[in-house]
Amino acid sequence: MNILFSCVFLLSTVILLFISPENFLSALLDGASKSATLCLSLVATYSVWLGLMQVWEDSGVSRAVSKLLRPLAKKLFKTRDEETLDALSMNLSVNLLGISGAGTPYGIKAVQLLDKAPEAEYASSMLFVLNATSIQLIPTSIIGVRVALNSVSPMDIVIPTLLTTLFSTLIGMLLCRLLIPPKTKKKRRSALREKPLAREKSAVL
C-alpha cells in the first residue's frame, strides 16, 4: 500500500506541475493542513471511545457484553478455552462499535491463543474474516471523519453501514466455512465416504 500511495502521489505531483505549477505549493499546504485537522479530530474521537471502553472495563459492562457473545464465539471459532473466548468476545464487541483500532490488541491476543487450538487454521481465518467485514452497529471512525469534514448529517451513514457490513460478514463467514471447513467437518465427511466403501468391500467378501 505504501508503494501504491507513493506512486499515486508522485504521478499527481508530476501532472499538477505540468498543468498548473503555480498552484502546486498551495495545494500541498492545503492538503497537509486538512490531513492534520482530520487526524486531530480522529484522535479526539478515539480518545473518547477508548476512555469509554476503559470505564466499561472497570465497571464490568465489557465483561457482561463478552459473556453475551461467548456462546456465539464458541460456535464460530470451535474453542472452549476461557482466555481465548474472553479475547475473542472483547474483539467482536469493540468491532461492533466501529472502533477497530481498540479491538486490535484483543485480536492479536486471540490469534496467539488460537494458534494452540485444534482448529487453529479455521479459527484464525474466521477471526480475520470477521475483523475485515465486521458488522458495525455504530461506525464510530466513519462518523468521526464525517464530523471532521463538516458533514451536515454525519449520522446518516449508520443504517447503510449496518446493512452493508451485515451482508459482507454473512458472505465472508459462509465462504470461510466452505473453503476452510473445521477439521471435525472434514472427519465427518471422510467417515461418511468410507462407510459405503467398507460396505462394498464386505459385500464383495
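Where does T79 lie? In this predicted model, T79 lies in the loop between helix 3 and helix 4, helices being DSSP runs of H or I with at least four residues, numbered from the N terminus. Residues are numbered from 1 along each chain as its sequence is written. Local features need pLDDT of at least 70 and side-chain atom pairs pLDDT 80 or more, while totals for chains, interfaces and linings use all residues, and side-chain values use heavy atoms, without hydrogens and water.

T79 counts as buried because its relative accessibility is 9%, the cut-off being under 20% relative accessible area with a 1.4 Å probe and protein chains only. Its side chain reaches the backbone nitrogen of D81 at 3.3 Å. Leaving aside neighbours within four places in sequence, T79 is in contact (heavy atoms within 4.5 Å) with K74, T84, L85, L88 and L114.

L88 is also among the residues with the most contacts inside the largest nonpolar core, together with F77, M126, L127 and L130.

Not counting residues up to four places away in sequence, L130 touches L76, F77, L92, T169 and M173. In soluble globular proteins, nonpolar side chains tend to be buried together.

Note on methods:
Helices (H or I, at least four residues) and strands (E, at least two) are DSSP runs, numbered from the N terminus. Buried means under 20% relative accessible area, exposed over 50%, partly exposed in between (1.4 Å probe, protein chains only). A polar contact is a pair of N or O atoms within 3.5 Å; within protein, one must be able to donate a hydrogen and the other to accept it, and residues adjacent in sequence count only if both atoms are side-chain atoms. A nonpolar core is a set of buried Ala, Val, Leu, Ile, Met, Phe, Trp, Tyr and Cys residues joined through side-chain atoms within 4.5 Å.
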